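Colleague: I am new to this structure. Can you walk me through how to read its features?
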Amino acid sequence: MLLELLRKYRTPLLAGCLILFALLLYSANLRHRDHTTLFEKTILQLTSPFQKGLDLVWKAVSGAWDRYLWLVDTEGQNTRLQEENRQLKAELVALEEVRLANERLRKLLEFRDREQLSALPAQVIAEDAASWFRTVIIDKGTDDGIREGLPVVVAEGAVGRIIRASAHDARVLLITDASSAVASLVQRNRTRGISRGRGDSLTLEFALRQADLEVGDLVISSGTGGVFPKGVPIGTVTRVAREEYGLFQSVSIAPAVDFARLEEVLVLIGEEL
């Protein structure tokens with residue numbers, strides 16, 4: 001229906017549009033004049049509604065275009081900010097790692113100075129993946145003065161001893177390994193025994209049955225085993241059991257060192273006994 005009307009009145013409509021377009025152009029020029037005639041004022045009044053409509057359409061189109069350009073620019077800025085944010089987060093993580101490493105090294109050096117030990121700082125670079133061995137590898141070897149048998153400690157206590165050394169690294173047998181044994185004594189009452197590894201914990205063997213041992217007692221190295229100097233913390237007594245018969249009591253020890261978080265250690269260079 002509408003198409004039929006457009007076809008029927010195509011010529012008059014086209015003529016009307018051309019006249020309206022001409023009037024709009026004319027009225028647009030009249031807007032900039034200071035003085036207008038009565039005819040020109042009439043033209044302005046007649047074209048004013050159309051001119052306002054065109055102005056509204058133009059503002060809408062112009063606003064939409066400006067918003068599109070703003071969104072494109074905002075998207076670019078957002079991408080750049082996200083990339084900067086990722087870089088800053090990575091830098092913060094790296095700085096936090098440096099801070100934590102410095103804090104651990106500071107504790108180690110304070111421990112070395114406090115105990116007046118001749119020690120070489122080293123970093124743990126690998127650990128034994130096999131569950132039946134408790135060893136770690138450090139980044140110092142024979143070129144740094146490392147020798148087999150040297151004790152390895154941290155500020156919290158005994159770690160283990162060097163069992164193999166190459167030019168640039170060395171393997172440390174942890175005190176929690178089943179083949180490890182440390183001559184020990186209970187700090188409170190000087191009860192002697194042997195701390196032997198049991199995987200994640202230790203036992204104090206050969207502690208006489210009549211010895212007064214309690215949960216919470218600190219076990220330290222006795223200095224008589226040929227590896228660790230005297231007084232290095234081994235762990236804390238967590239269980240004491242006395243059988244009705246027998247010479248010794250059964251004692252469990254929680255290690256003083258958290259081996260799951262072992263990162264930096266001290267190799268006691270001058271303490272080989």
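Colleague: How many aromatic pairs does a search of the whole structure find?

Modeller: This is a predicted model. The search of the whole structure finds two aromatic pairs.

Colleague: How is a pair of aromatic rings described?

Modeller: By the distance of the centres and the angle of the planes. Take F206 and F248: their centres are 5.6 Å apart, with 85 degrees between the planes. That pair is edge-to-face.

Colleague: Where in the chain do F206 and F248 sit?

Modeller: F206 is in the loop between β8 (202-205) and β9 (218-221). F248 is in the loop between β10 (233-241) and β11 (250-255). They are 42 residues apart, so the pair links distant parts of the chain.

Colleague: Which residues have the most contacts inside the largest nonpolar core?

Modeller: I138, V159, L262 and V265, in a core of 43 residues. Look at V159. Leaving out residues up to four places away in sequence, V159 touches, among others, V172, F228, F259, L262 and V265.

Colleague: How much space lies in the largest pocket?

Modeller: About 300 Å³. The largest pocket is lined by 13 residues, and R104, V154, E156, R261 and E264 are the closest to its centre.

Colleague: Which helix gives the most to the lining of the largest pocket?

Modeller: Helix α3 (residues 38-115), with three residues. By type, the lining has seven charged residues, six nonpolar and no polar.

Technical notes: Residues numbered from 1 in each chain as written. Predicted model: local features only at pLDDT ≥ 70, side-chain atom pairs only at ≥ 80, totals over all residues. Heavy atoms only, no water. 1 Å grid on protein atoms, 1.4 Å probe; cavity = no way out; pocket = protein on both sides within 12 Å on 5 of 7 lines; lining within 4 Å. Points joined across faces, edges and corners; volume = space filled by probe spheres on them. Helix = DSSP H or I, 4+ residues; strand = E, 2+ residues; numbered from the N terminus. Nonpolar A, V, L, I, M, F, W, Y, C, P; charged D, E, K, R; others polar. Core = buried A, V, L, I, M, F, W, Y, C linked by side-chain atoms within 4.5 Å. Buried < 20%, exposed > 50% of the residue type's maximum accessible area, 1.4 Å probe, protein only. Contact = heavy atoms within 4.5 Å. Phe/Tyr/Trp six-rings, centres within 6.5 Å; stacked < 30°, edge-to-face > 60°.
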